[in-house]
Amino acid sequence: MSIANTPTSNDACLSIVHSLMCHRQGGESETFAKRAIESLVKKLKEKKDELDSLITAITTNGAHPSKCVTIQRTLDGRLQIAGRKGFPHVVYARLWRWPDLHKNELKHVKYCQHAFDLKGDNVCVNPYHYERVVSPGLDLSGLTLSSSGPLMVKDEYDFDNQHPHSSTDNHHQTIQHPPSRPAPQDMFSNPALLPPPEGSSAASASAFANIAAAAAAAAASSDANPNWPRNGSFTPTVPHHQNGHLQHHTAMSHTGHYWPVTNEIAFQPPVSNHPGPEYWCSIAYFEMDVQVGETFKVPSTCPIVTVDGYVDPSGGDRFCLGQLSNVHRTENIERARLHIGKGVQLECKGEGDVWVRCLSDHAVFVQSYYLDREAGRAPGDAVHKIYPSAYIKVFDLRQCHRQMQQQAATAQVAAAAQAAAVAGNIPGPGSVGGIAPAISLSAAAGIGVDDLRRLCILRMSFVKGWGPDYPRQSIKETPCWIEIHLHRALQLLDEVLHTMPISDPQPLD
């Protein structure tokens, strides 16, 4: 939209919202973005000078100076939009500037008189009155990072007339992972950010390690300090070339509310000295809640495997779902299978990290604890939509191993504390006769082997999504999906269970 067509505070709210929507960065769904912008415009309608400042700031991308744009501070400091709560300056900074922004990364400019951190009655939400703060020495400005907000979108083929469910529930929302945009050439000005050659895996990692010796030293120091500070948690993300364009992968820049924050660098010693498995993964194919065909095992000698909708039965590095028959197959399942097409490519890198490349003409939907962490969500809280041509990491072995150890240790400690609580033996202010502490500990004490096994499994649905954004609430209601068991991770889990056996939780009387 040209400057000449830019609205003013005297225009109708609808016109202003439409104009501001044109400048959003794409990190949020259209539904959420529209509600957030409508809410802000309505609050500013009586403050025309501030509304004009907002319009100027957004439509010129901050090129022209603008005043504070303020809304009243709420009791807890957060703003609720479409069932989601967030700090207002962060919400609008994500919307118009940095879709991957973490709440601790904003610092207000000196001339902002109503910045969030000033704790005044009014909060400035002008995105151009804040700067993004990253750790010293790392310039992430040229990288395209994945969205951290749930996106209520539908990716169904044309003849499916079902409509997605609208929901304000924050569980199992769909998070989009579109193909990355090309990055500016100057992002490679730092030799430490140069990518390894295409097709490289563990071998190239060791060569690349020589370039990034300093980064490896930083990783070693982070392992010694598990409570790594926020400002030290950024990782330079290495772009990979594919089909002539760059794919940018998300830095570890999200909240530690559900996940421990550590300084992760790719070049680290093996997690375990135990010899690797003969097969790096096994893939089971399902139609609704029924497994179809035998489980497909991928040899460790084939780090890249393709799962597609075609009919070649020879196996090896290709699992063709089109050849599998099912006497109970419905018409809807048959139609969905027609759209699997070239499917996906799964790639095992290093000791056991896994990347996915979507080769299909339709998106795939993934359940991934790694991507949950990247999006700042609770484990198992979201469904991730991976678009055609996107290439993205979906599993991190080192993170998985840490999570195994922590959950197993937590279960042991909680089980012991629960037993003590039932007996009324917990000292200190937390003790109220044993019953309440026991109940609060029961969830942690109930962690079992099956819970830990889930950390080693990926689930992926072709064509059809699930969750509150779709008619299907579970992946077992989707027409065609796969479950991928990662053998190296399962090996590590076995080691954890041997060194830290989990006792059955004590029942509550």
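Start by selecting E287, R329, E334 and R337: these residues are linked in a network of salt bridges. A salt bridge here is a side-chain nitrogen of Lys or Arg within 4 Å of a carboxyl oxygen of Asp or Glu. By this rule the count is 17 salt bridges.

A word about what you are viewing: this is a predicted model, where local features need pLDDT of at least 70 and side-chain atom pairs count only at pLDDT 80 or more, while totals for chains, interfaces and linings use all residues. Residues are numbered from 1 along each chain as its sequence is written, and side-chain values use heavy atoms, with hydrogens and water left out.

Next, select R132 and D100. Their salt bridge brings the closest N and O atoms to 2.7 Å. This pair links distant parts of the chain, 32 residues apart: R132 sits in strand β6 (residues 130-132), and D100 in the loop between α4 (88-96) and β4 (106-108). Helices (H or I, at least four residues) and strands (E, at least two) are DSSP runs, numbered from the N terminus.

Is D100 buried or exposed? D100 is buried, at 5% relative accessible area, while R132 is partly exposed at 22%. Buried means under 20% relative accessible area, exposed over 50%, and partly exposed in between (1.4 Å probe, protein chains only).

Now move to K393 and D353, whose side chains meet in a salt bridge (3.4 Å, N to O). K393 lies in strand β19 (residues 391-395) and D353 in strand β16 (residues 353-358), 40 residues apart. K393 is buried at 12% relative accessibility, and D353 is partly exposed at 21%.

Finish at R78 and D76, which form a salt bridge of 3.3 Å, N to O.
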